[in-house]
Amino acid sequence: MHYKIYRLSTIHSTFHPRSTTQPTMPESLEQETVSAQEAPEFAAAQFVRWFRDVAPYVHAFRGKTFVVAFGGELVQANALNDLVQDLSLLSALGIRLVLVHGSRPQVNEQLRLKGFHAQFDRGRAPMDADALECAKEAAGEIRLDIEAAFSQGLPNTPMSHAQIRVISGNFVTARPTGIIDGVDYGHTGTVRKIDIDALRFAIERGSIVLLSPLGFSPTGEAFNLAFEELATSVATALRAEKLIFLTESPGVINADGTVATELARLDADALLASGTLPEDTAFYLQFASRAVKRGVTRAHLIPFAMDGVVLLEIFTHDGVGTMVVEDTLDDLRPATIDDVGAILQLIEPLEADGTLLPRGRAIIERDVENFTVLEHDGVIYGCATLHDYPADAMAEMGCLIVHSEWQGTGEGEMLLRHMESRARALGAKRFFVLTTRTSHWFLKRGFVQGGVADLPKEKQAHYNRSRNSLIFIKRL
Ligand SMILES: CC(C)(COP(=O)(O)OP(=O)(O)OC[C@H]1O[C@@H](n2cnc3c(N)ncnc32)[C@H](O)[C@@H]1OP(=O)(O)O)[C@@H](O)C(=O)NCCC(=O)NCCS
């Protein structure tokens, strides 16, 4: 008997912050045949590694709100079931979800079947009463399909034991677009108000809120809305952690053909202004940029054609599509007391194997302002401390760590450079580290070995001779 094993190496490559190659998971998952004797250990090790790798994201996103928006094209492409299974998993992990669906292809199909000539694309277009009826029918049908998909629970499927409550309702007040340049837009509308309290009430109790691209006016009329605008308004009003657009395009493509995994909002705006983007990408990017400008933490454009794309985007470091942020990520920033737990998680394995001296929570809490952390998308994956000895014009870097999944891509060096410039700013002329296992790394970066007598007086008094750490010093 043989087992089919999917190698997860492609997933791991996406954890590297600076990797720009477009991960092509899961189509490119390397499938190989392993004998029955080898398979269980291999699969178990891969599984455990993968599960631990996603843990930081699970912790980071628990209780956060994601708005997920997709057009009727996704439903047409039969991608709904897989998406619903992945969203159910997010819900089970404590992520609060609002879904916004579109229905343009379905509206156009209804119109065609009824013999009407009007057809709708992404641009704002006037909608008469007949087209509105088609929009209502299309939205109703898609909503029912989505509700049905969330109600699955067959044993041995990803939806087994999932009990997801999907709530729809009159959460959105709309107003007519009105008359523009003499053209009456009829039942085409824009978002006027969103009942945020009611939305929050539902998602905080674990329900998924499902919004159709229709809003209602105080006069009791329905108006057709652009789902992209609706999703952006909802994400902004909820100050969502993420607004995720599942689109037909793969995201923003760089000149070398790779996907731009991360775009600062200002760069996104410059790209939009340049007019060089494909129409589809530009259309979604403008909403992503708008959402981030108005306070949504991250907005993502990801291709719905990729199986598991939402999971890949959320639970891997670089994701698979384009993420728009207000500032560039991979931030180096001073640590706060809220980072103590994450710093401890980084340190503990290295304390356990003797690489670092045990410190304990109390000491980290006391010294937390000496720490600088590397943070990406809410996950702390590196840290270092700086201790200043002004009397000797020296500074010590300690606790330099880059999480094992992110090592080897220059993050350690970036942290080192940052700590050196902090030391310089404090007036230090010499910079030192004590290490037992990383001597070559420091030697390669301009440090020279010194002795205890080269240390600041205060440090000499505390030097732990039994540990016998090597001392490396660099002139700043
Ligand atoms: C040391 C550390 C911070 C470097 O982080 P990083 O992000 O991988 O660093 P960079 O990407 O800038 O450098 C990677 C290079 O350093 C090398 N390297 C990593 N650890 C090393 C070590 N202990 N000794 C010598 N070289 C090492 C890698 O092989 C790689 O070499 P290459 O560029 O020739 O392929 C990281 O390996 C780490 O956290 N280690 C565990 C904690 C530790 O030992 N900290 C130092 C305490 S004083």
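Me: Is C399 buried or exposed?

Reply: C399 is buried, because its relative accessible area is 4%. Buried means under 20%, exposed means over 50%, and partly exposed is in between, using a 1.4 Å probe and protein chains only. Bear in mind that this is a predicted model, where local features need pLDDT of at least 70, side-chain atom pairs count only at pLDDT 80 or more, and totals for chains, interfaces and linings use all residues. Residues are numbered from 1 along each chain as its sequence is written, and side-chain values use heavy atoms, with hydrogens and water left out.

Me: Where does C399 sit, and what's its phi?

Reply: C399 is in strand β20, residues 394-402. Its phi is positive, about 55°, though C399 is not a glycine. Most residues other than glycine have a negative phi. Strands here are DSSP E runs of at least two residues, helices are H or I runs of at least four, and both are numbered from the N terminus.

Me: What about N468, what's its phi and is it buried or exposed?

Reply: N468 also isn't glycine, and its phi is positive, near 60°. N468 lies in the loop between α16 (457-462) and β23 (470-475), and it counts as exposed because its relative accessible area is 55%.

Me: OK, ligand next. Which residues come nearest?

Reply: There are 22 residues around the ligand, and L400, V402, G408, G410 and G412 come nearest. Being around it takes a heavy atom within 4 Å.

Me: Switching to E229. What does its side chain reach?

Reply: The E229 side chain reaches the backbone nitrogen of V191 at 3.4 Å. E229 is in helix α8, residues 227-238, and is buried, since its relative accessible area is 13%.

Me: And which residues is E229 in contact with?

Reply: Leaving out neighbours within four places in sequence, E229 contacts R124, G189, T190, V191 and F287. Contact means heavy atoms within 4.5 Å.

Me: How do α9 and α10 pack?

Reply: Helix α9 (265-274) and helix α10 (279-293) pack at about 145°, with axes 10 Å apart. The axes are lines fitted to C-alpha atoms over the stretch in contact, and angles run from 0 to 180 degrees between N-to-C directions. On the α9 side, the contact is made by R265, A268, D269 and L272, and on the α10 side by A282, L285, Q286, S289, V292 and K293.

Me: Last one, the whole chain. How many helices and strands?

Reply: The protein chain has 16 helices and 23 strands. Its C-alpha trace spans about 90 × 65 × 45 Å along the principal axes, and 49% of its 476 residues are buried. Among contacts between residues at least 6 apart in sequence, 73% join residues at least 24 apart.

Note on methods:
A polar contact is a pair of N or O atoms within 3.5 Å; within protein, one must be able to donate a hydrogen and the other to accept it, and residues adjacent in sequence count only if both atoms are side-chain atoms.
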